[in-house]
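Subject: Structure handover

Hello,

Here is the structure we discussed, with my notes below it. Please read the notes with the coordinates open.

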There are 2 protein chains.
Amino acid sequence: MNFQLRKHKILEILAANDSADVADLASEIGTSEITIRRDLNTLANQGLLTRTHGGAIRNDFDKPKIAFFDKNDVNADAKEEIAQKASELIKAGEVIFLDCGSTVFRMCKYLKNRKIKVVTNSIPVLLELLNSEVQVNFAGGEIDALRQAAHGPIATEHLARYKAEKAFVGVDGISIANGLSANSEKEAEMTMTMANNAKETYFLCDSSKFETVKYLSFSKISSVKNIVTDKKISIEVKQKYIDVGISLF
Amino acid sequence: MNFQLRKHKILEILAANDSADVADLASEIGTSEITIRRDLNTLANQGLLTRTHGGAIRNDFDKPKIAFFDKNDVNADAKEEIAQKASELIKAGEVIFLDCGSTVFRMCKYLKNRKIKVVTNSIPVLLELLNSEVQVNFAGGEIDALRQAAHGPIATEHLARYKAEKAFVGVDGISIANGLSANSEKEAEMTMTMANNAKETYFLCDSSKFETVKYLSFSKISSVKNIVTDKKISIEVKQKYIDVGISLF
DNA sequence: TTACATTTGTTCAAAAATAATCATAAATAA
DNA sequence: TTATTTATGATTATTTTTGAACAAATGTAA
């Protein structure tokens with residue numbers, strides 16, 4: 001592990017976490033603290049980060065990040081598990097819809113070397129897959145800065161022109177009685193558009209979202225065929241969904 | 001195993017792994033470490049890789065993936081001047097087309113606090129204006145990873161749905177006799193689409209590009225009304241363009 | 001503020017990698 | 001064929017990198 005590799009890793013960690021301390025970096029990278037300190041000083045001189053006592057912070061940490069990896073996400077592990085499982089469902093040569101949710105975004109790292117086409121309205125997904133094997137198709141239209149995605153009638157219309165083998169979409173709530181629900185009208189519309197234009201739709205949904213209802217109910221449970229979830233889901237809940245004909249991955 | 005074969009193998013390994021150390025390369029290729037070192041130095045001199053202590057890394061290993069600011073651009077000053085001048089032509093409330101050229105990209109920093117709408121096919125422009133006052137509209141479609149922009153029939157069609165007050169587009173070559181020319185068909189098509197759907201089109205063109213003809217001529221000089229250029233343009237050339245009815249900024 | 005712990009800069013030594021030099025083997029030219 | 005150049009490998013000296021020790025500086029809590 002030489003300086004260049006450490007530099008790369010340090011900047012990567014800093015990009016994801018905004019800040020890092022010497023001890024963590026040393027154990028993460030597998031070198032001594034004194035070496036990390038030297039590296040940080042060098043990188044600070046190059047203007048690539050800002051040194052603090054005990055570590056460093058990202059140089060432009062007040063600028064919003066592009067990739068929205070929320071490290072503090074309580075369900076990070078579950079989301080990662082779901083993302084990985086979902087990725088394995090994709091076959092070479094397929095056309096895939098990916099929506100703008102954070103769980104869906106996590107699928108990107110498993111897709112980079114796959115020969116597939118991805119149609120998405122998510123800017124983080126676009127960026128993550130830009131320099132990869134994947135051919136990206138972005139749904140144009142007005143950009144929603146908050147969600148880092150294209151939304152609205154033009155984006156919807158754009159998506160509807162494409163047909164995909166599989167759609168991977170997040171949902172904010174799911175219940176047998178109330179079906180699918182979302183926190184915003186925009187996201188619900190996107191979800192339905194993707195679902196309507198894909199042969200198979202996989203709803204990505206961590207176990208905490210089962211039997212919850214959010215702001216807007218937008219689809220009955222009968223329209224759901226496949227759900228990808230994490231292993232923390234209880235057997236009882238799982239059985240209830242299987243009973244109504246849904247496959248759980 | 002001669003140098004050419006080793007070179008091929010080294011670059012292959014580097015392409016796959018990002019980095020490699022001397023000892024690994026030596027055992028992988030079946031030669032001594034000193035020979036590998038000599039090879040690496042030669043290849044580093046040829047600019048094919050970057051030497052590190054103990055090995056080498058791929059040349060573009062830690063190159064930022066987005067933001068295509070070419071620091072070594074010989075015309076950086078001219079481009080900056082042009083970008084600033086062009087930005088001042090925009091009024092509050094206007095809808096603007098921005099294409100995917102590097103000069104146009106430089107306009108972004110002057111636009112961030114303006115109350116305008118920008119329609120673009122450029123990913124760097126999208127990112128730069130994402131968290132700003134500007135409402136961004138991205139032309140969707142297949143993404144050209146090389147140009148970091150959306151191109152193709154869908155993107156063109158998308159753009160054509162919008163009408164803008166002003167379009168700002170780069171050109172690779174301009175001449176009285178041959179009109180506008182570009183290095184690629186894709187860019188020429190985008191340029192024309194923007195020009196056709198804007199009330200006024202400003203061609204951004206540094207002084208070195210005057211009276212040059214590139215790969216593809218795509219429009220006559222009579223369709224050009226406004227050019228934004230830098231102060232290094234000669235009075236004679238300037239006068240020739242004024243004589244055919246073009247305004248130079 | 002003081003007392004304490006943590007972090008840092010400095011110095012030094014060990015280890016690793018490199019450059020320089022020379023010798024040998026292979027390829028090429030005469 | 002022999003002479004000459006070129007590529008490779010081995011040896012040694014030098015440089016670079018790394019880690020440890022310790023004093024100085026900084027931050028934190030009472």
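A polar contact here is a pair of N or O atoms within 3.5 Å; within protein, one must be able to donate a hydrogen and the other to accept it, and residues adjacent in sequence count only if both atoms are side-chain atoms. By that cut-off, a polar backbone atom of Thr52(B) makes one with a phosphate oxygen of DNA strand C, at 3.3 Å.

On conventions: this is a predicted model, local features need pLDDT of at least 70, side-chain atom pairs count only at pLDDT 80 or more, and totals for chains, interfaces and linings use all residues. Residues are numbered from 1 along each chain as its sequence is written, chains are lettered from A and ligands numbered from 1 in the order in which they are written, and side-chain values use heavy atoms, with hydrogens and water left out.

DNA strand C

Two further phosphate oxygen contacts on DNA strand C are 2.5 Å from a polar side-chain atom of Arg37(B) and 2.7 Å from a backbone N or O atom of Gly54(A). Helices (H or I, at least four residues) and strands (E, at least two) are DSSP runs, numbered from the N terminus. The elements that give two or more residues to the surface near DNA strand C are helix H3 (33-45) and strand S2 (49-52) of chain A, together with helix H3 (33-45) and strand S2 (49-52) of chain B. H3(A) provides the largest share, three residues.

A residue is near a molecule or strand if one of its heavy atoms lies within 4 Å of it. There are 17 residues around DNA strand C, and those that come nearest are Arg37(A), Arg51(A), Gly54(A), Arg37(B) and Gly54(B). Of the atoms of DNA strand C within 4 Å of the protein, 84% belong to sugar or phosphate and the rest to bases. For residue classes, Ala, Val, Leu, Ile, Met, Phe, Trp, Tyr, Cys and Pro count as nonpolar, Asp, Glu, Lys and Arg as charged, and the others, Gly among them, as polar. By class, this surface has three nonpolar, ten polar and four charged residues.

DNA strand D

Around DNA strand D there are 16 residues, of which Arg6(A), Thr35(A), Arg38(A), Arg6(B) and Thr35(B) come nearest. Sugar and phosphate account for 67% of the atoms of DNA strand D that come within 4 Å of the protein. The surface near DNA strand D has four nonpolar, eight polar and four charged residues.

In the side chain of His53(A), an N or O atom is 2.8 Å from a sugar or linking oxygen of DNA strand D. The elements that give two or more residues to the surface near DNA strand D are H3 of chain A and H3 of chain B.

Sheet

Two strands pair if DSSP finds at least two bridges between them. Nine strands form an open sheet of mixed pairing, in the order S15(A)-S14(A)-S12(A)-S9(A)-S4(A)-S5(A)-S6(A)-S7(B)-S8(B). Strand S15 (247-248) of chain A and S8 of chain B stand at the edges with a single partner strand each, so one side of each is left without a neighbour in the sheet.

Strand S6 (residues 135-138) of chain A and strand S7 (residues 141-144) of chain B pair in the antiparallel sense over two bridges. There, Phe138(A) has Gly141(B) as its bridge partner.

In chain B, strand S4 (residues 95-98) and strand S5 (residues 117-120) pair in the parallel sense over four bridges, with Leu98(B) opposite Thr120(B). S5(B) also pairs in the parallel sense with strand S6 (residues 135-138) of chain B, over four bridges, and Thr120(B) has Phe138(B) as its bridge partner in S6(B).

A nonpolar core is a set of buried Ala, Val, Leu, Ile, Met, Phe, Trp, Tyr and Cys residues joined through side-chain atoms within 4.5 Å. Buried means under 20% relative accessible area, exposed over 50%, partly exposed in between (1.4 Å probe, protein chains only). The largest nonpolar core has 118 residues, and those with the most contacts inside it are Met107(A), Phe168(A), Ile227(A), Met107(B), Phe168(B) and Ile227(B).

Ile233(A) lies in the loop between strand S14 (226-228) and helix H10 (235-243) of chain A. Ile233(A) counts as buried because its relative accessibility is 11%. Contact means heavy atoms within 4.5 Å. Leaving aside neighbours within four places in sequence, Ile233(A) is in contact with Ser207(A), Phe210(A), Lys238(A) and Leu248(A).

His151(B), in the loop between strand S8 (149-150) and helix H8 (153-160) of chain B, is buried at a relative accessible area of 6%.

Regards
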